[in-house]
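I opened my notebook to get to know a new structure, one look-up at a time. Here is what I wrote down, for anyone who wants to follow along.

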Amino acid sequence: MSTVVGKATIRADGVEKVTGTGRYTADLNLTGQLHAKFRYADHTHATITRIDASKARALRGVHAVITHEDVPDQKYGGMVQDRRLFAKEKVRWEGDVVAAVAAVTPEIAEEAASLIEVDYELLPPVVDFEASMAEGALLIHEDWESDSGDESMGRDRNTLGYSTIVKGDAGAAMAGADVVVRNRYVSDCSQGVPIEPRAVIAQWQGGKVTVWTSTQVPYAARAGVAHTLQVPESNVRIVVPLLGGGFGAKCDFHFEGHIAALARAARRPVKLVFSRREEFVAIGHRREGIVIEVETGASRDGTLVARRARLVLDKGAYCGEGGFFAQMAAMHACGPYKIENVSVESYLNYSNTQPSSSIRAPTAPQVCWALEQHMDELARALDLDPVDLRRKTLIEDGAEGPTRQVFENLAMKETLEQAVELIGYGQELPEDEAIGVACGWWPCFGAASGAYVNLNPDGTATIVTGAQENGTGAVMALPILAAEQLGLQPEDFSLLYQDTDAAPSDMGSCGSQTTFNSGRAVVEASIDLREQLLDAASSELEVDRGDLELVDGAVRVKGAPDKAVTIADLAGSGTTFHGKGSGDVPEAPACETEGCVGLLGNESFLSPQLITHAAHVKVDRGTGVVRVLRVAAAHDCGTIVNPIGANGQVTGGVVMGVGQALSESTQIDENGRQRNPFLLDYKLVTAADAPQIDIAWVETMTPNAGPKGSKGVGEPPCVATAGAIANAITKVIGRPVRRLPMTPERVWAATFGEEE
Amino acid sequence: MARQYFEPGTVDEALSVLAEHPGADLVAGGTDLVVGARQGKRPLGDTLVAIHRIGDLSDLSETDGGGLRIGALVSHAELESSPLIRERWSALSDGSILVGSPATRNAGTLGGNVANASPAMDTGSPLLVFDASVELTSTDGKRSVPLSEFFQGPGKTTRGPSELVTAVDVPPRPVGSVGSAYVRLEYRLAMEIAVVGAAALLALDGGGRVVEGRVALTSVAPVCLRVPEAERLLAGADATEETFAAAAAAAGLAAKPIDDVRASAEYRRAMVSVIARRALERAHERAREAA
């Protein structure tokens, strides 16, 4: 029986982070180190006609200035290879890097960067990502057809991802529906905003480079350095010191190649530390803007007979790792509902703006916000209570999803019931207050991983994993899973998790799958180690190994606890014990959809995480200012390994969701530049604004879940918050707010302006 | 040229440094100067004069006639927690408590806030409704400039290049039961900057009629400004909802807001009336409590 899974465990890296003794990348300094600065694009869309770095190179204190001429001519990118380390023919957004400088101080590097002469021929910036699909629109990647990329992306000119979900005949069913509701919603782009801005230090020793970097994906960073600099992966070692948050903003190979190239040219270690402004405009820091058109046909009793949707997403200038966004958004336009006929089209388009990345549950909060408002509008049209409409239409055991995947053992409806009970749905409230409810889902998918568990001579153990801790506590929970197999306590383990030379390759911290996949590997490695200990104890005690168990730091005879040998004694006996494991990756579910382009975003709903949030808000009708008083959050994330960590994820996710709902917006000018790339005018939620948050976990044993029946926890908590808040606002002001975020000005305009 | 740094211990020392280096950057809390330089708004000057160690600029006291003298180095945190300010100069307490974060309020000074002349300054309209003036000192002597003349535009004041803001002087309050308040439109509850703010002061007679009313606005024009049109409607009027609504509407018309990243001009203008009315109502409540 489990002794530690599900018990509150304080994470091992907590004390050093809270007390300030932890060391992050920017805290490191190497002997002889130089400082890097980038020269960014001077225009958001332009052809480069000349680069002259001679004045920069001549500046005293400058050791290296590099451009595209100084690195191999290699394009790269996760799903479409559309990008170079340094802009060559064109610049495509304000953060495109044209050159990099290494100098003895950051100030000299900055001055040198400004001395680089770059001539351009200007092109009209393509900022409207919906208009960029039009026939004859100016191409952002004019040679898109020659860029290599995933065949299933459905690329076409400025559209780099196209995905459809088709089930049944939505057109005919819509025509026959009793009630049809159709709405258009627009979500601004927003930002991930980890507290730690990115930092990278690279040092070459002979032909090998070590890069210390603030990344969520060390193995992708290693592959990126190897590819762009054309060196073997064995010559590249990525080390991640403590990571000060990521939220997906550090979820790709970003600047490790630039700094490794600079360090090689300068023949010295080189350090890059971003300012907050640089962090704001950098690749991958952004959550995509989306235009969402959704139409639902229902019969009088509330049965959903048809769903049509058209989604257009802003990918920005380059693909990066986010090529699957069109598919993911299409799944969220269906949502966790039973719908007989579906036709969804989803476009992921280039624009001359910052590239979007997998910011915590990419596409989900925006599409969920739209869909859940739309469901409330449908409920009004049907004269049904919105919660009753959801009771009738949410998926349950045996339900068939939009891709004909049949779901088993999931607790979608239970999350709804728990959330409405926690919030006190239906209670009498003052006229400026209301409660709104929203439901959503998020995938959990299988990926390869591996781990070692090494027993130390004193009986403690070290877990070596490729998983990366980005702050969620997922890696910090791995000792719980190992301890449970070995009869040890979580405190008995140390973790080596941030070094690509130490552990097997891993996806890194993305997609809420660390516990699901890396947890599985740690369990398998622990079982391997346990078997070795049972063998050793069996010969030591001269007892059949089947009669032995691992409990309280000892291997003992079942039923005769005095007959035992401690794990420490076995470990100190001169034999080495080391387990390794991977486990079998669960198979992706069968997905069947006519006309579907690419399935990654669909198949990833292997064992979905299910969410209902209910928000109690107060609206100042005079100003449009909304305060969220309470949020009840009910989740089915399977078995909870560490409640402290899981509750922390929900608390943070809800607060992030409140920001997405009410204030977090990146405003873009007519040239594609950000108007508010700093924390004064990019409005994060402060502690003072955080609502009371009540949390419920519905623990189910979903087939194909991770270790001990766990699913992911990291991303789902921010998915449904904005939708719940939106539905509460509409109840107070009597009108929907169809722009995200629902800023005071937009709420005020919706209250007093003309109805759309 | 290398940067020069001075750290005078007395006002006189500071004034001679300024006389030798006209236009030098003065640093007290550094919350505008340093943050502005980091954000690329304006680089730090070549000559820095740090005045935070000058002891005799930190005095906060009531004058013999019932007015107020606030030394240039008095922090927002001191204004926010001073019982004197809270009770008799409530609008200034309201404004001080809203500035930035606790760290900003403990480091930032009133003198720096005034000299920085941001149209979004939360202490600006409260000081305007109190008819405050700025004491400017140089090696040539002292002069006093009413705050309404001191502010010339965003970041622009009538301070000369060798003058130091040494104090803010506030005359005695008007006769009658006096209440004052500052209300800000707040998108969020901490770390906020004013999008629209309004200060109001009301002096009531024994019958509850407005003897004198003053209204000033923050963040809706190039400078914080008083609204004489609103004040004319208040003077001698009954303190009713209608009176406050009319005065607030006049304030809305007087605002000259702009479109920027924080709000549209249209929204700002509409909010001026809403916020000014709330400031008047709160000032009225306080005036009645004082009666």
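This is a predicted model: local features need pLDDT of at least 70, side-chain atom pairs count only at pLDDT 80 or more; totals for chains, interfaces and linings use all residues.

**Entry 1: chain B as a whole**

I started with the overall dimensions of chain B: its radius of gyration is 19 Å, and a compact globule of 291 residues would come near 19 Å, so the two agree. Next I looked at the box around the C-alpha atoms of chain B, which is roughly 60 × 45 × 30 Å along the principal axes. I found 12 helices and 14 strands in chain B. Of its 291 residues, 51% are buried. I also checked the contacts in chain B with a separation of 6 or more, and 66% of them link residues 24 or more positions apart.

**Entry 2: chain A as a whole**

I noted 18 helices and 29 strands for chain A. Buried residues make up 61% of the 756. Among contacts in chain A with a separation of 6 or more, 80% are between residues 24 or more positions apart.

**Entry 3: where the chains meet**

How many residues does the contact take from chain B and from chain A? I found 16 from chain B and 18 from chain A. The side of chain B that touches chain A has 11 nonpolar, 2 polar and 3 charged residues.

**Entry 4: the nonpolar core**

I looked up the largest nonpolar core, which holds 326 residues. The members that touch the most others are Val101(A), Ile725(A), Ala200(B) and Ala251(B). Helix H12 of chain B, residues 265–290, gives the most to this core, with 11 residues.

Setting aside neighbours within four places in sequence, I found Ala251(B) in contact with Ala198(B), Val215(B), Leu217(B), Val227(B), Ala230(B), Val272(B), Ser273(B) and Ala276(B).

**Entry 5: two helices of chain A**

At what angle do the axes of H9 (residues 364–382) and H10 (residues 386–393) of chain A cross? I read off roughly 105 degrees, and the axes come within 9 Å. H9(A) and H10(A) are therefore roughly perpendicular to each other. On the H9(A) side, the contact is made by Met375(A), Asp376(A), Leu378(A), Ala379(A) and Leu382(A); H10(A) brings Pro386(A), Leu389(A) and Arg390(A). I sorted these residues into 6 nonpolar, no polar and 2 charged.

**Entry 6: backbone details in chain A**

I came across a cis peptide bond between Leu740(A) and Pro741(A), with omega about -5 degrees. Pro741(A) sits in the loop between strand S29 (739–740) and helix H18 (744–752) of chain A.

Another loop of chain A, between strand S28 (692–697) and helix H17 (721–733), holds Asn704(A). Its phi is near 65 degrees, a positive value in a residue other than glycine. Is Asn704(A) buried, exposed or partly exposed? Asn704(A) counts as partly exposed because it has 17 C-beta neighbours inside 10 Å.

Lys708(A) also lies in the loop between S28 and H17 of chain A. Lys708(A) is not a glycine, yet its phi is positive, at about 60 degrees. With 19 other C-beta atoms within 10 Å, Lys708(A) is partly exposed.

How values were computed:
Residues are numbered from 1 along each chain as its sequence is written. Chains are lettered from A and ligands numbered from 1 in the order in which they are written. Helices (H or I, at least four residues) and strands (E, at least two) are DSSP runs, numbered from the N terminus. The radius of gyration is taken over C-alpha atoms; the globule rule is 2.2 Å times the number of residues to the power 0.38. A residue is buried if 20 or more other C-beta atoms lie within 10 Å of its own, exposed if 12 or fewer, and partly exposed in between; C-beta atoms are placed from the backbone. Two residues are in contact if their C-beta atoms, placed from the backbone, lie within 7 Å. Axes are lines fitted to C-alpha atoms, for helices over the stretch in contact, and angles run from 0 to 180 degrees between N-to-C directions. Angles under 35 degrees count as roughly parallel, over 145 as roughly antiparallel, 65 to 115 as roughly perpendicular and the rest as oblique. Ala, Val, Leu, Ile, Met, Phe, Trp, Tyr, Cys and Pro count as nonpolar, Asp, Glu, Lys and Arg as charged, and the others, Gly among them, as polar. A nonpolar core is a set of buried Ala, Val, Leu, Ile, Met, Phe, Trp, Tyr and Cys residues joined through C-beta atoms within 7 Å.
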